[in-house]
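Here is my note on the model you sent. Please read it with the structure open.

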Amino acid sequence: MDGRFLVDRVFTVIVVVVAIIAILPVFHIIAYITWRGLPIVIDNGLSFFTDVPAAVVAEKPGGIAPALAGTAFMTITATLIAVPLATLAAIFSVEYPNHVLTKAVRVTSRSLLEVATILIGMLIFVLLVLPTGRFTALAGSLALAIVMIPYVYTYAELALLSVPKTYIEAAYALGMKKAQVIFYVTVRVARRGLARGIAIAVTKAMGETAPLLFTAFGARSVIFGGPLEPADALPLMVFQFIQTGYDNWRALAWGGAFTLLVLYLSFFILARLLVKEVRY
Amino acid sequence: MAPRRPLHDIIVFYSLALPASLIILILLLLLLSQLGVAIPVFGVQGISTYTTAVWRPSYDPPQQTIIWLPMLEPPQRGAWYGLLPAIWGTLVSAITAIILGLTFTIALVVFMEEIAPRRVREVFSTIVDLMAGLPTVLYGVWGLAFLGPLLHKYVMDPVHSYLGIIPLFSCEPLSGATVFTAGVLLSIMITPFMVALVQESYRSIPFTLKEAAWSLGMTRFEYVRLNLSMILPSIASAILLGFGRASSETAAVTLVVGNAVNIGFCIFAPAYTISSLIANQFTESQDFPYMLNALFAGGLILLVIGLVVNSIGIILLRRVRF
Amino acid sequence: MISPAIEVKGLRVRISGKDILKGVDLRVPEATITAIMGPSGSGKTTFLKVLNRLIELVDDVEVSGEVRVYGSNIFDMDVYKVRRLFGMVFQTPNPFPHLSIYDNVAIGAKVNNVARSRKELDEIVRWALEKAMLWDEVKNRLHDPPWRLSGGQQQRLCLARALAMKPRILLLDEPTANIDPVNTAQLEDALRALRRDENITVAIVTHMPHQAIRVSDYIVMFYDGRVVEEGPTGEIAISPREDITRRFLRGEM
């Protein structure tokens, strides 16, 4: 009898310790990136956000404006592409749950969630960059849109399915046509769930590096060259500059990492506030 | 009788079916692009692309070999793009990640479901969500600047000096950037994802079964072991899907894995994974004949891993039914 | 006999292979209140949902037979035109949660193009709320969300929403099942006034015999997917022909 309870004690202690070890890194990551990045942001002040990166030998590191502009442009355009596409597809799945296309979209969406995002970059490279012969911000947008689609779709489907059927019945009983029921009632009632999915997808897109490597490519001499020019992005800049041997560029990488962290945390909190109950 | 469908409904159907089909098209294009660009390299290197460990970029194209004959040594002259080291690196880092990640996952699920009070559980659950979405490049810079050196000094060096005779630890760690570091970093990154899968199954165990277990006078350890055994398929599924995540991660891994064409049993050596190989070599690859195609042959492996692991994982998840 | 608003012949409904309605023949006279009563599971709700073809939202449903509304077979008509003939109130109050009280009423009028101007819309909303006997309670908070109202008020809001589409027939599916006696009485008063002042035909499903007797001119008794008895309320309430009806009226089912 004693042996059993001893095993139980030891087991409980191990579980608690391992569980704590498992979540410690995220605190350390936040603290560490703040410790390395915040001083750089403070040292350079506002110009950190408005300047282009300085030369590697310059006295000051310059700023991350191209990365911010690129991330803003590509995230917004990707959202504009992914949200309607994925939401309409989710509406299809909810409206025609037994249709073969619905099953296909569900499987596809799950697969896209699991597929390496670098492959998405390679796809856009083949489809867009190779034929046009140039890296463009728009190619980056498209790659990020594909990253976002399965997230938007999954959360949209959940949100739409959770709309009580009685509202939909009431809408049809009022003589609304299908499109009116969808856009005046179903989508409106599910709006918080939809918004949460979009927030989560935006967070993903904002933090993605791999799909941009061969699409947007990075550009640091101007803040934003236009949709048909190469563009920088925050994670891309951090990824590339942290690997260089130049102090100035590494400083920008740390400052950029801190900025990305703050952006991520803000969107994370936003998504939390939108709806609490829906998970994965 | 089947009432006629109004024109309006038909229009709505097609305007929704179009975006739905587009999403399916994306996946098809993904498969076609990987396959289409990869095929030429198979035309010269054949399946030896996957069985050789030599990465030798050159303007001289690879010498044609017998396509269906897997070789271990490539021809002496000309370019050669063997993916075996990257495949090996991917496997080793992902398996390391799974071993550690599964430990973390089980501990977190048991802690949150059986030990922690409600408030603590909610805090943990928020933290797990926070970990799940954290941009991977942030894990990467932390791994590069902190975790790698830490593991180098406090784990790899001591383990190597005391257990160096074991092949796994036989090579002297030269820096923190090793396949082992990549595995540890990945384990942290995939944990929240695996927790979500296992926790959902754990919660689906009916209360009556749990009551029955307690009524038999089980200790918490015995009770948890019983519960976990009831959801084994979902744990297997979490392992598979976690493996998929770990093998497909790019940014973080590239920063910590060391990026060297290296194959061996020692986990304290720098290596390549498929994704980090692609990330590192892609830009130069367009200058050398067949190199880009070889990288797509690597991408094809990743895609197949992703699709297969995902399908099996989902089938397994469905087997947990109460 | 007054000319029928609804005429049903040989109506059968199968849902997922199960017979719900097994051949219903029925006439609902115009400008009257017809109570459709019967124990739960007898097919009352299904019958109601066939009338405005809401039944088609259900998966795997087969409908056969004939339903004529003012002479036209509803299965030959555009489904949306059919639904516009009817206003419907459901068992559980279901005002749209994302719309204000005003908009909940207005939306029915809007989608049916009942109002030609903002002013006309205001008038229709007021008219509908008055007819639903809710106007006095909400006139000062028309832009509140509906969930601030009590359950009974919400149900009257749903009645107003249905009225604002200016239907010729009103379908009610156990509208008072989830609300208290005071609100029930108000809703019943509203129905009687509608029949009297607006000549609206009402079909109300109820499993409460007393309600059927209180509000209706005609009673239809459903049992196991069939109509077992129908006739003027006075006759049926006093001397039902069928044993099933008698037992139901005595509250034994």
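Predicted model: local features only at pLDDT ≥ 70, side-chain atom pairs only at ≥ 80, totals over all residues.

1. The core. The largest nonpolar core holds 289 residues. Those touching the most other members are A:M148, A:I149, A:V152, A:V238, B:L138 and B:V141. Helix α6 of chain A (residues 137-161) gives this core its largest share, 19 residues.

2. What does B:L138 touch? Setting aside residues up to four places away in sequence, B:L138 touches A:I29, A:I33, A:A257, A:L260 and A:L261.

3. Chain C against chain A. Contacts link 19 residues of chain C with 16 residues of chain A. On the chain C side, α2 (79-85) and α3 (101-111) are the elements that give two or more residues. That side divides into ten nonpolar, six polar and three charged residues.

4. The sheet of chain C. Six strands form an open sheet in the order β6-β7-β8-β3-β9-β10, and the pairing is mixed. The edges are β6 (86-89) and β10 (226-232), each pairing on one side only. From one strand to the next, the twist averages 15°.

5. One strand pair. Within chain C, β3 (residues 33-37) and β8 (residues 201-206) run parallel and share five bridges. C:M37 is placed opposite C:T206 of β8(C).

6. A helix on the sheet. Which strands does helix α6 of chain C lie across? The helix, residues 151-163, lies across β6 and β7 (169-173) of chain C. Its direction is at about 170° to β6(C).

Notes:
Residues numbered from 1 in each chain as written. Chains lettered and ligands numbered in written order. Contact = placed C-beta atoms within 7 Å. Helix = DSSP H or I, 4+ residues; strand = E, 2+ residues; numbered from the N terminus. Nonpolar A, V, L, I, M, F, W, Y, C, P; charged D, E, K, R; others polar. Core = buried A, V, L, I, M, F, W, Y, C linked by C-beta atoms within 7 Å. Buried ≥ 20, exposed ≤ 12 C-beta atoms within 10 Å, placed from the backbone. Pairing = 2+ DSSP bridges. Axes fitted to C-alpha atoms, helices over the stretch in contact; angles between N-to-C directions.
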